[in-house]
Amino acid sequence: MGKELSMEESFMNKLDDIIKNNLENENFGVNELAVKFGVSRSQLHRKLNAIKGKSTSQYIREFRLNRAMDMLKDNVANVSEIAYRVGFSSSTYFNTCFKDYYGYPPGEVKHKNENPLISIDSTLEVKKSNGRIYEFPTRKVGLFVIAFIGLLFIGFNAVKSESKTESNSVSAIKNTRSSSIAILPFKNLSADKESEYFATGVAQSIQNHLNELSGLKIISETSAAKYIETTKTSPEIAAELNVSHLLEASVQEYDDKVRVIVKLIDASKDQQIWSDIYDREMVDIFSIQSDISKQIARELEIVLSPTQIKQIDKKPTHNIEAYNLYQKGKHFFNVKNHSHATSHLSTSYFKQAIEKDPNFALAYAALANTYLFSDENLFLNNTLEYVTNLALKAIELDSSISEAHVVLGVLECQYKWDWNKAEKEFERAIKLNPNNSNAYIYYSQFLYSVKGDFNYARKILNKGLLLDPLSYVANLKSAQFYLFDDNFDKTFEETAKLKEINEHNMFAYWIEFKAYEALGAKNKAIAELETYFRKVPSENISFDELMSFYQLKGLNGVYEFFFQNNIKTFRELSNFNDFTLIADAQSYGSIGDTKNALKYLETALDNHCSYLYEIKYNPFLKDLHAEPRFLAILEEMNLEGYN
């Protein structure tokens, strides 16, 4: 008779079998493992910790890495493909985890396998620019416990920047939907290089037409814009965006005429399946856009209904001058370094477009959107009703404009606190345009922050990510949701993506600071801030001064430094902006300073702070849940208390 397995051995064998059977599922984490095992998350964690001394998320990650090592030694595939096979959707994050665990990158496995006498250090020393050395264990990642990001909830206004994402395997194209497309930035061939806005506008208009087609997945222009000067091949781009087709084009204006050269590419075969040249009068630009959209539908074998054809053929305005002004406004709204100056320019152009054509619905919606994301408090500057009326006017003129419903949904959340109306607006926006990634992103925040429906919020956000995979805001929200779900591996995977998209934005570094703080890894936490401030020096913040606070009071000193820096900047509490009020309230809450946390929140309430609606399920503020003053704030906002 064979040796009878102990209870612990049976437990671990069953655990390993479940993980092995779900190895390629990148979304398989602690929750899913507990469900399949038939125990609660806490029971699973306690049992595994008692046997292995590891958290569940740590064990899953190390199981994946061990399998990856076996595959690398057997040379079954390249590093990117193996990363995918063991459940890492980001090969960059896989490389980071592998190196932390084994002490060297996965690309060196073959070399070390051929040279087994090469020693492997058990720790990896990283020397920073100031001479200090931080030790990073390479065989153990400490127990992950819940952490929250003080500045995270302000992510909706994160700055857009160029992507530096790594190519995924071309084989990923095979998993895309048969009807999916990305419209790459149109090239401007006009002698006047300032006409770039016009080429961009033609691409956006075609995208809007294609949004009318049911069953067609269209990647957001935000993600597609990252490839404006790319050297990547069509299959590489399609793999990264998870689409089957790409549309490329060039636009040239000359003598009141326009030429559009367009081609449709089957990315899986890297073959051009259709191309055409449109030479027409400038006043026919709308017809060109409609014809291209209908031809794409035919090539993708999408049958258009009479209603869809009518919608595609509909002209947004009969005034070509108004249309050009509108496109200029869109251009300045979408420029990479969005600032007060560019916001003012876009607002001015949209207003001029409306003056030229008072029935131009898209211009009203765009103007409302510009005000909404101007980083100003609409309640305090008395423009709240004006912006609301702009969105309502757009809908009155054209009830099919999804963008206007998103504006109304966000207004109800941020300022008016009418939750029923907010949800109806988001649902209406998605119904009108299932490819509107912003609708999914803002709806997911509503579901999480107001309704506390965390699972549905994740599902909705994932849909937004499919449509806009390179969106900084969407990936930032994703990192937040994973963190709150205790899925820490996924949290760090998302921060790796955020750094790929924009290494100069602080949010990813702050998230990791908070995570390492929760782990008790002080050196790693402060190293994240040092990495950021060495990379992006600030005129207002001295990292050396921050380090002085840290050396005196530890990580609490870091918070004190930022509190004092904010006070120096804004002088008095009444002058703080929406961002600082909520960020500092969360930070005070995280260090147990209830008095100051409540003071900041009450000031935010008086000012109808646009981020206040996110406080109910904010883990930083969980110690305030029984405070009468905190519950009074929730009641004032029409938010129910806690069960």
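Visitor: In this predicted model, buried means under 20% relative accessible area, exposed over 50%, and partly exposed in between. Which of these classes does Phe332 fall into?
Guide: The relative accessible area of Phe332 is 22%. Buried residues lie under 20% and exposed residues over 50%. Phe332 therefore counts as partly exposed.

Visitor: Is the aromatic pair of Phe332 and Tyr349 stacked or edge-to-face?
Guide: Phe332 belongs to helix α13 (residues 320-333) and Tyr349 to helix α14 (residues 340-356), 17 residues apart. Their ring centres are separated by 5.8 Å, with 10° between the planes. Planes under 30 degrees apart count as one class and those over 60 as another. The pair of Phe332 and Tyr349 is stacked.

Visitor: Why is the pair of Trp510 and Phe562 said to tie together separate parts of the sequence, and how many residues apart are they?
Guide: The centres of the two rings are 5.6 Å apart and the planes stand at 85°, so this pair is edge-to-face. Trp510 is buried at 2% relative accessibility, and Phe562 is buried at 14%. Because Trp510 lies in helix α23 (residues 507-519) and Phe562 in helix α26 (residues 555-570), the pair joins parts whose separation in sequence is 52 residues.

Visitor: Which residue in the turn between β7 and β8 has a positive phi?
Guide: Strands β7 (residues 257-266) and β8 (residues 271-281) run antiparallel and are joined by ten bridges. Asp266 has Gln271 in β8 as its bridge partner. Four residues separate the strands of this hairpin, and the one with a positive phi, about 55°, is Asp270.

Conventions. Residues numbered from 1 in each chain as written. Predicted model: local features only at pLDDT ≥ 70, side-chain atom pairs only at ≥ 80, totals over all residues. Heavy atoms only, no water. Pairing = 2+ DSSP bridges. Helix = DSSP H or I, 4+ residues; strand = E, 2+ residues; numbered from the N terminus. Phe/Tyr/Trp six-rings, centres within 6.5 Å; stacked < 30°, edge-to-face > 60°. Buried < 20%, exposed > 50% of the residue type's maximum accessible area, 1.4 Å probe, protein only.
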